[in-house]
Amino acid sequence: MARLAGRRALFAVPVLGAVTFGVFAIAAASPFDPVKAYAGTAGLSASQETLDQLRANLGTDRPLVTRWWDWLTSAVRGDLGVSSALRQPVADVIGERVGWSVLLASAAFLVAVLLGGLLGVLAARRPGGWTDRAVTSLAYTLEAAPPFWLGLLVMWLFALRLGVLPAGGLTDTGSTVVTAGEVARHLVLPAGVLALSQLPWFVLYVRQGVGDALQEDPVRGARARGLAERTVLTGHALRSGMLPVLTLIGSRVPELITGALLVETVFSWPGIAAATVESATAADFPLLAALTVLATFAVLLGNLLADLLYGLADPRVGFDG
Amino acid sequence: MRARSIRVRGALATAAALTAVSSACSAPGEGGGEGAATSAVVGIAYEPETLSPLLGFGKDGNSKIFDGLLTHDADLTLRPALAAALPKVTDGGRTYTYALREGVKFSDGKPFTSADVVFTYETILDKGTSNPSKGELDAIRSVEAEGDDTVVFRLKYPYAPFAERTVLPIAPEHLAGGQDVNTGSFGTKPVGTGPYKLVKWSKGEQLVLEANPGYWGGAPKIERFTMAIIKDDDVRATRLRSGDLDGAILPPNLAKAFKGSGRRTYAARSFDYRTVTLPTGNKVTGDTAVRRALDIAVDRQAMVDGILEGAGRVAHGPVPTDSEWFTEGTRRTYDPKKARAILDEAGWRPGKDGIREKDGVRASFPLWYLSGDKLRQDHALAYASDARKIGVEAEVQAGTWEVIEPRMPEDAVLAGGGSPSDPDFDQYPLLRSDLAGDGFNNMGWYDNARVDRALETGRESGDRAERKAAYDTVQRELVKNPGYTFLTHIDHLYVVDDRFGDLSTQVEPHDHGLAAGPWWNVEDWQP
């Protein structure tokens with residue numbers, strides 16, 4: 001297990017290096033101009049002289065490889081550079097926000113996995129039964145519903161109609177201290193929406209996996225031996241039916257990140273999302289590269305986690321693969 | 001078969017849910033926000049990148065946290081702020097002398113002096129400072145302090161509207177001076193002399209301000225002023241309705257729904273125009289006959305009624321009709337018949353497909369708008385449809401500025417702009433021929449010697465009547481040779497809770513920042 005984790009960590013180094021270069025190259029090739037983005041609306045009335053000065057100050061007039069190498073060497077030494085779009089050191093930008101994003105995403109992910117597993121098993125128990133039909137239709141509906149629309153819907157229902165939950169922000173509007181209780185209340189809607197948007201995949205995978213497992217020989221054997229349905233379901237079907245879901249956990253991380261991005265915007269959640277969009281459209285190299293490294297890292301970690309869980313759940317697989 | 005029926009059912013469920021939401025959204029809202037009238041929470045759509053005046057924050061005044069030497073009152077007349085009086089102008093409009101207000105302190109307790117003024121202006125003008133608006137201070141040759149309480153600006157050329165530029169907020173040298181101007185922490189933890197102090201800026205969520213008890217103009221009655229940053233219009237409306245917000249900026253269709261709900265709607269007049277550039281370099285749009293025909297072929301009133309839902313006015317030029325700088329006699333009357341006659345006379349004959357032609361040139365040109373900007377898109381489509389009726393084709397296309405900019409010399413663009421404080425600020429860069437193609441200045445490559453001369457007179461003359469005459473000339477020339485088709489001036493709509501009483505709005509520019517809207521003078525509210 002440690003060997004697998006160690007090997008993956010070594011493998012991550014060239015991947016991260018390649019990804020940062022890719023980001024610099026793509027951003028450089030994109031039509032977005034960092035200077036225009038920096039200047040914003042003021043740039044629409046700026047003279048060429050001002051724009052040229054900005055270009056020199058931002059250092060975006062240097063060649064691509066030089067900029068990448070400078071960024072990489074100082075990043076390795078712990079200096080992530082300065083974000084031009086947000087006029088702040090990149091470390092500050094990320095430090096201020098990433099915690100809130102991680103909180104939102106992990107809460108949502110946990111809910112999605114648990115609730116998805118539960119609904120999936122319920123649906124798989126009697127394929128074609130009313131629970132199955134209800135759960136599957138719900139899953140398809142949610143899959144078709146865009147997260148920002150779901151966001152508006154729950155905001156209308158819980159904040160406006162019922163008035164039980166706040167409609168946005170991290171704390172009450174106007175409050176300056178962050179308390180755990182307030183954050184928890186404000187977390188419910190955004191995390192719920194994000195969980196709902198991730199839910200269908202887990203439901204459908206678990207339903208399929210457990211449904212298939214119920215048809216397999218060991219389950220038939222168990223039933224033939226007269227074991228209780230409950231033992232058959234949790235002991236035999238669920239364990240082998242969950243295997244494809246573990247793979248899913250790893251591959252859903254990128255989706256989770258993009259989903260969080262939309263949800264954060266709708267709920268004015270002070271996470272990393274807005275900074276991510278801004279860094280991309282502003283071709284803000286240092287911030288973009290740092291965020292991409294973070295996202296890549298999250299994906300690699302998700303994959304590693306999936307592989308480890310897979311090994312634990314299915315002894316046939318082992319940790320060498 | 002089963003999968004398909006499930007998918008259909010899913011779609012039906014979604015549709016049903018959608019209907020439920022849309023009908024619910026039009027239901028009247030209940031209850032305004034309760035809470036002490038000593039605090040106010042407003043929803044805004046825009047978040048500043050920085051709160052440092054050195055990087056452009058609050059350059060048009062009214063930044064809440066800072067003060068300028070001068071400030072604007074409700075009808076945009078200049079009033080002294082950190083200066084004790086309006087400046088003395090000498091040396092034929094080349095020297096501006098400001099006597100400073102005495103006893104003013106920054107909110108950290110340190111005194112404000114002439115050194116802070118010099119520091120602010122010199123830092124902005126420094127080549128290494130990444131302030132995109134620094135061009136606005138181009139006229140300055142030097143800033144000098146004479147003692148602690150006098151500052152003298154010397155200009156490169158006589159610049160009549162210079163005093164308008166000195167609403168720019170002043171930063172404290174003792175805090176902002178010791179760090180990197182472009183990336184330092186002053187941009188997120190600003191300290192100024194203004195009526196409010198920043199308590200917390202949670203990026204993407206909210207800006208919380210607290211009254212500055214030692215404010216030289218008297219401590220504000222609204223002790224806590226929070227600006228919640230909510231980019232999505234629908235979300236902002238929902239949070240206003242839920243009582244979470246006391247006020248918000250909203251587009252006309254959403255503002256309408258708040259009529260009679262314990263809230264008041266304020267329409268702020270603006271100089272914010274939408275215009276179509278007609279580039280001189282294009283054989284069609286460069287033709288004066290085509291320009292004049294288009295100028296009277298567009299149904300501006302229909303755009304105000306249809307696109308703006310009445311929240312705006314027709315634009316006959318860069319200056320709105322109710323401004324004192326507007327030139328009577330330059331109103332355009334909608335007259336497609338006359339437009340066709342102008343084109344016929346100039347030799348533009350209808351071709352087979354109804355589009356006119358002259359000397360083998362088809363009366364067709366591309367018209368770009370900024371992709372994602374619904375308002376500009378609607379204007380562009382309405383413009384194209386009106387042009388089509390007189391046999392001119394405008395091919396509407398969407399793009400980002402990166403796509404549009406290189407095409408500006410030949411392709412038409414649906415542009416926006418407008419600055420209320422002085423006609424020079426907007427018209428000089430928009431119309432001067434020597435600024436054509438300089439960044440985003442004079443996007444239409446307008447070239448008219450009479451206009452150039454008038455703009456120079458308007459900029460340099462210190463005499464009000466002479467300036468008025470100059471801008472009259474500009475507006476009349478734009479009737480004779482309209483290098484831009486001005487379409488509408490847009491009102492900005494705000495909805496605010498009744499308990500704050502009757503509020504006022506300022507005339508607003510195109511680029512309305514943090515403190516526009518009824519809360520432009522929140523420090524003076526009397527709840």
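**Exercise 1.** Identify the buried residues of H4(A) and determine how they are placed around the helix axis.

*Solution.* Begin with the criterion: a residue is buried if 20 or more other C-beta atoms lie within 10 Å of its own, exposed if 12 or fewer, and partly exposed in between, with C-beta atoms placed from the backbone. Under this criterion the buried residues of H4(A) are Arg67(A), Trp68(A) and Trp71(A). They cover an arc of only 95 degrees around the axis, the arc being that of the directions from the helix axis to the C-beta atoms, and therefore they sit on the same side of H4(A). The model is predicted, so that local features need pLDDT of at least 70 and side-chain atom pairs count only at pLDDT 80 or more, whereas totals for chains, interfaces and linings use all residues. Residues are numbered from 1 along each chain as its sequence is written, and chains are lettered from A and ligands numbered from 1 in the order in which they are written.

Next, turn to the surroundings of the helix. The buried residues of H4(A) pack against helix H1 (2–29) and helix H13 (285–313) of chain A, where contact requires C-beta atoms, placed from the backbone, within 7 Å. On the face turned away from this buried side, H4(A) carries the exposed residues Val65(A), Thr66(A), Thr73(A) and Val76(A).

**Exercise 2.** Compare the span of H4(A) with its expected value, and describe the backbone just after the helix.

*Solution.* Helices (H or I, at least four residues) and strands (E, at least two) are DSSP runs, numbered from the N terminus. H4(A), residues 64–76, has 13 residues and reaches 18 Å from its first C-alpha to its last. The expected span is 1.5 Å times one less than the number of residues, and the value for H4(A) is close to the 18 Å expected. Just after the helix, Gly78(A) takes a positive phi of about 100 degrees.

**Exercise 3.** Locate Ser433(B) and decide whether it is buried, partly exposed or exposed.

*Solution.* Ser433(B) lies in the loop between helix H12 (423–431) and helix H13 (449–460) of chain B. Because Ser433(B) has 15 C-beta neighbours inside 10 Å, it counts as partly exposed. Leaving out residues up to four places away in sequence, Ser433(B) touches Tyr446(B), Asp447(B), Asn448(B) and Asp452(B). Ser433(B) and Val451(B), 18 residues apart in sequence, are 8.8 Å apart in space, C-alpha to C-alpha.

How values were computed:
Contact = placed C-beta atoms within 7 Å.
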